[in-house]
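Student: I'd like to go through this model with you, piece by piece. Can we start with the helices and then move on to the rest?

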Amino acid sequence: MTAQSGQWHIWIDRGGTFTDLVALTPEGQLRAAKLLSENAEQYDDAAIEGIRRLMGVAQGATLPQERIAAVHMGTTVATNTLLERKGARTVLVTTRGLRDQLRIGYQHRPKLFVRRIDLPPPLYTRVIEVDERVTAEGAVVTPLDEASTERDLCTALNDGFEACAVLFMHGYRYTAHEARIAALARRVGFRQVSASHEVSPLMKYVSRGHTTVADAYLSPVLHGYVDKVARSLGAAARDGRLRFMRSSGGLAEAKFFSGKDAILSGPAGGVIGMAETAKAAGFAKVIGFDMGGTSTDVSRFDGLYERVFENEFNGIRLRAPMLAVHTVAAGGGSILFYENARMRVGPDSAGANPGP
C-alpha cells in the first residue's frame, strides 16, 4: 500500500492487556507502537494515545483529522466481555412457556460419561414471559399483551437492567409481535434493544435466541468503547474512515458494528495477518497460536479461509458468519484460582491495570 499525500494509514489491535499499532506515514515509512490497554494515570484510551504518539500530537491537542486517511481496528472488547461475563444486565422477553428453553438448549452432552453436567449460566438474568403466540404458518393463536409487558419492562428498567433481548416463537418469519415489543422497550427507556428478527432472522429458536441475547449483552459495552474512539477521531469517524474488523474478517463502519459481529474481531484480524504473512514467506499451510493477556486463540490456514456460520463460544451458541477460531479464556494475565482441591485458570484476568 502507498500512502496518500499528507495522510496516515493506521492499523490497531486493541487487546485486553496490550494495544498494538502500525502506521504508514505520508512518506511511506512504517511505524509501530505498543501500549497498555488500560493505563488511567497516563491516558484515557490506548488506541487514541497510540495515534497521538505515532503522529507526534501532544496530549490534550485535537487530532488532525484531515491528515488521517483510514483507521482500521480489531478489538477483543466483546471477546473478553463474554469470556469474563462483564456485559450489560440483560432481560429476555420471550413467548410464555419458553422461559427456560435457552437454558435447556439442545441437551447435548459433550462429555458422554460425565454424570454431573455443569452448564454455564445464561447471559440474561431476568425473563419476561409474554402472552403471545403465532403458528409456523403465521396465524395468531394468542394476541399480543402489550399492557402487562410494558409494566414488566418498566419494572426491569427501574431495577437497573440496561439491555433487552426480544425472542418470540417463529419471530424470525412473522415479525410483527417482536417489532411491537422492541419499539415498546425503546419507548420506555431501554437504550439497547435486540430483536431476533433483526439480529438473526433464521430458524432454530435456541441458536437464534443465544445470538440475540449475546447481541444485547455485548453491544452496550462495545458501543461505549466505539463511541469513545469515534468522538476523538471526529470527522474521520463520521465519514467512514474509522472501520472495525468483524468476526467474519470483513470491515464495518462504527455505526454498523454490533455485539454479535464482534466476538472474534481481534482474532479475525490475527488470522488474516497470519495467512498473508505465511503466504509471503512461501508457506501454504500454517497453524496460528496467539496467546494474549486475557485469552488464547488458535486457528489454521491451508490456502482458504475457513468460515463457520454457527459456533459455540464459552457455552453460548452463536449464529453469525465468523472465521474459524478456537478461543479459550487462558492468557498470560489470567488469574489462577485454587478451588475444590485443584487449580483453575481464568476466566478472570488481571488485565492491563495494574499489569500482567
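Tutor: Helices (H or I, at least four residues) and strands (E, at least two) are DSSP runs, numbered from the N terminus. Keep in mind that this is a predicted model, where local features need pLDDT of at least 70, side-chain atom pairs count only at pLDDT 80 or more, and totals for chains, interfaces and linings use all residues. Residues are numbered from 1 along each chain as its sequence is written, and side-chain values use heavy atoms, with hydrogens and water left out.

Student: Which elements do the buried residues of α4 pack against?

Tutor: Let's see which residues those are. Buried means under 20% relative accessible area, exposed over 50%, and partly exposed in between (1.4 Å probe, protein chains only). In α4 the buried ones are S148, T149, L153 and A156. Their packing partners are β5 (90-95), β6 (126-130), β9 (163-167) and α5 (176-188).

Student: Why do those buried residues count as being on the same side of α4?

Tutor: S148, T149, L153 and A156 are the buried residues in α4. They sit on the same side of α4 because the arc they cover around the axis (taken from the directions from the helix axis to the C-beta atoms) is only 135°. On the other side of α4, the exposed residues are R151 and N158.

Student: How far apart are the end C-alpha atoms of α4?

Tutor: Work out the expected span, which is 1.5 Å times one less than the number of residues. Helix α4 (residues 146-158) has 13 residues, so it should span 18 Å, and the model agrees: its end C-alpha atoms are apart by 18 Å.

Student: How many residues of helix α2 are buried?

Tutor: Helix α2 covers residues 77-84 and is mostly covered. The buried list reads V77, A78, T79, N80, T81, L82, L83 and E84. Just after α2 comes R85, with a positive phi of about 55°. As for the helix itself, the count of buried residues is eight of eight.

Student: Is V213 buried or exposed?

Tutor: V213 belongs to helix α7 (residues 205-233). Leaving out residues up to four places away in sequence, V213 touches L92, L102, L123, Y124 and A165. Its relative accessibility is 2%, so V213 counts as buried.

Student: Which residues are joined into one network with R300?

Tutor: R300 and D302 meet in a salt bridge at 3.3 Å, N to O. Salt bridges that share partners extend this into one network, joining R300 with D302 and E306.

Student: Which strand gives the nonpolar patch its largest share?

Tutor: Patches are made of residues with over 30% relative accessible area and no salt bridge, where like charges are joined within 9 Å and nonpolar side chains (Val, Leu, Ile, Met, Phe, Trp, Tyr) within 5 Å. Here I287, F289, M291 and V298 form a nonpolar patch on the surface, with about 450 Å² of accessible area together, by the Shrake-Rupley method with a 1.4 Å probe, where for residues only the protein chains shown count as cover. V298 is found in strand β14 (residues 296-301). The largest share, three residues, comes from strand β13.

Student: Where is A341, the residue with a positive phi of about 65°?

Tutor: A341 is not a glycine, yet its phi is positive. At 64% relative accessibility, A341 counts as exposed. Its place is the loop between β20 (334-339) and β21 (342-349).

Note on methods: Salt bridge = Lys/Arg side-chain N within 4 Å of Asp/Glu carboxyl O. Contact = heavy atoms within 4.5 Å.
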